[in-house]
Protein chains: 2
Amino acid sequence: MPESHKEEIRGLRLFAEMDEKHFQALMRGTYVQNFPPRIDLIHEEDAPDFLHIVLTGSVDLYTSWNGRESSMATVRPISTFILAATVNDLPYLMSARTLERSRIALIPSSEVREVFGKDVAFAQAIVSELAQCYRSVVKNTKDLKLRTSLERLANYLIRQQTRAGTTEFELTMEKRRLASFLGMTPENLSRAFKGLEAYGVKVSANHISVADPDDLAKFAKPNPFIDDYST
Amino acid sequence: MPESHKEEIRGLRLFAEMDEKHFQALMRGTYVQNFPPRIDLIHEEDAPDFLHIVLTGSVDLYTSWNGRESSMATVRPISTFILAATVNDLPYLMSARTLERSRIALIPSSEVREVFGKDVAFAQAIVSELAQCYRSVVKNTKDLKLRTSLERLANYLIRQQTRAGTTEFELTMEKRRLASFLGMTPENLSRAFKGLEAYGVKVSANHISVADPDDLAKFAKPNPFIDDYST
DNA sequence: GTCGCCATTTGACATTTATCAATTGATGAA
DNA sequence: TTCATCAATTGATAAATGTCAAATGGCGAC
């Protein structure tokens, strides 16, 4: 594996503080692979052979049951996914597919488990990462259980607007995936966008503009303990 | 703190493997308290002063937003809660109240964070516990997003039936809390029970009987990657 | 540029779920 | 026992959300 990839991975908080010797041991079994768009990387119920790291591109975590499918999250560079399955050596609970052409690093799960038993800094980093993952899912559950779909969309737009830093921005995913992520149908999403016009939201294809953020926020009532994914 | 309590706590997987010296250090700052029913133990958004352990009784984890409230989980002996907030030193995302008279052990969060930096076995146990918590919430999200309320209730009953080991059992929580936990109103739950009569479910107050588990399962389509909380 | 494809939108309608009000039923106190 | 209380149920209705089919519109292949 090229040194540049190693440095990218080393820069992740998960690996930043660990012993160099242990890091090199991890990297020995690691390989980097390029995938075209819409390729299934892992499938739920499979055994966790590798810890995945998205280096470029993006990955959709989704799940299926009884012929239905739901998008659970999007993983963007540079971060890992399915850490929980890896450390506990239990089957994946979600499937993952590339959304676009992506470069993914694959670290053998067995190596991860072996090293984290020897390296306290690595173990600490895993604890911190898992705690953050856990908190993200709890926030998502609160979003789903406490809000209507219109409120979820409104708060999603406020989060995106905050991330962009401007009142005009582009949606970062297909609307059908956004609908699935927000727990609604594409048709319902389309109507929800219409419903937010009353609060100054204008939509043109993927371009969103928020006329009056305060007005939208008055409706959406964003809350850091639901909407702030960074804590 | 009495030795018997210490032994109970020591028996938890989270503390079982750690160094005795470190365990004693943790226990020095720990105290055990009795709480009457319906007492708020912690409130979301507060700083995580203590890691809580339910020794007896039961605790409801719930959350509120915009005047609405939802029950997220029930914690039963002997297990901890709000570990993620404690290890990352971030505000609670959920509130907790006793459901009945309960004995709770309180371990200062700062001690937990200090010890897990020194004790690899403890760090490993925290990783394992957090990964399990994470997976539980993911399963819960799948349940919410992929199933209708009738299907959620059907699968809930199958889980309870499996736990009880018999086709007749008692509901372990108030129906209004069950409704909230399943993401529906009490009225809707009442009608959902009626709707499951077609699959052999009989309800009399808190007593449930399942005439033909296979028939119910044919409708509910239980799936270990949603319904099996033990993995 | 034109065509065909596919995501999105729109409309009509069905289903699910929530809300509100009234009633029932169980439980404990006086 | 009788009453008061509160959870649970029921009925009527409203709101939210989903489904199906058809129309629209953007975009790349040719």
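**Entry 1: ground rules.** I note that this is a predicted model, in which local features need pLDDT of at least 70 and side-chain atom pairs count only at pLDDT 80 or more, while totals for chains, interfaces and linings use all residues. Residues are numbered from 1 along each chain as its sequence is written, and chains are lettered from A and ligands numbered from 1 in the order in which they are written.

**Entry 2: how the two chains pair.** I looked up the contacts between the chains (two residues are in contact if their C-beta atoms, placed from the backbone, lie within 7 Å) and found that 44 residues of chain A touch 44 residues of chain B. On the chain A side, strand 4 (59-65), strand 5 (68-75), helix 4 (83-88), helix 6 (120-146) and helix 11 (224-227) each give two or more residues; helices (H or I, at least four residues) and strands (E, at least two) are DSSP runs, numbered from the N terminus. Helix 6 of chain A supplies the largest share of that side, 21 residues. By type, the side of chain A that touches chain B holds 23 nonpolar, 13 polar and 8 charged residues, where Ala, Val, Leu, Ile, Met, Phe, Trp, Tyr, Cys and Pro count as nonpolar, Asp, Glu, Lys and Arg as charged, and the others, Gly among them, as polar.

**Entry 3: symmetry.** What rotation superposes chain A on chain B? I found a rotation of 180° with 0.0 Å of shift along its axis, at an RMSD of 0.0 Å, the copies being superposed by least squares on the C-alpha atoms of residues with pLDDT of at least 70 in both. That is the relation of a two-fold axis, and 100% of the contact residues of chain A recur in chain B, so that the same surface serves both copies.

Entry 4: Setting aside neighbours within four places in sequence, A:Tyr134 is in contact with B:Ala84, B:Leu130, B:Cys133, B:Tyr134 and B:Val137. In helix 6 (residues 120-146) of chain B, 19 of the 27 residues are buried, so this helix is largely enclosed by the rest of the structure; a residue is buried if 20 or more other C-beta atoms lie within 10 Å of its own, exposed if 12 or fewer, and partly exposed in between, with C-beta atoms placed from the backbone.

**Entry 5: the DNA strands.** Which residues come nearest to DNA strand D? Of the 16 residues around DNA strand D (C-beta atom, placed from the backbone, within 6 Å of the strand), the nearest are A:Met184, A:Asn188, B:Lys175, B:Arg176 and B:Ser190. Helix 9 of chain B gives the most to this surface, with 4 residues, and the surface divides into 5 nonpolar, 5 polar and 6 charged residues. For DNA strand C I also find 16 surrounding residues, the closest being A:Lys175, A:Arg176, A:Ser190, B:Glu187 and B:Asn188. Here helix 9 of chain A gives the most, with 4 residues.

**Entry 6: backbone details.** I came upon a cis peptide bond joining A:Pro77 and A:Ile78, with omega about -15°, and A:Ile78 sits in the loop between strand 5 and strand 6 (79-81) of chain A. In chain B, the peptide bond from B:Pro77 to B:Ile78 is cis, with omega near -10°.

Is A:Asn66 buried or exposed? A:Asn66, in the loop between strand 4 and strand 5 of chain A, is exposed, with 11 other C-beta atoms within 10 Å, and has a positive phi of about 55° although it is not a glycine. B:Ile82 has a positive phi near 55° and is buried, with 22 other C-beta atoms within 10 Å; its place is the loop between strand 6 and helix 4 (83-88) of chain B.
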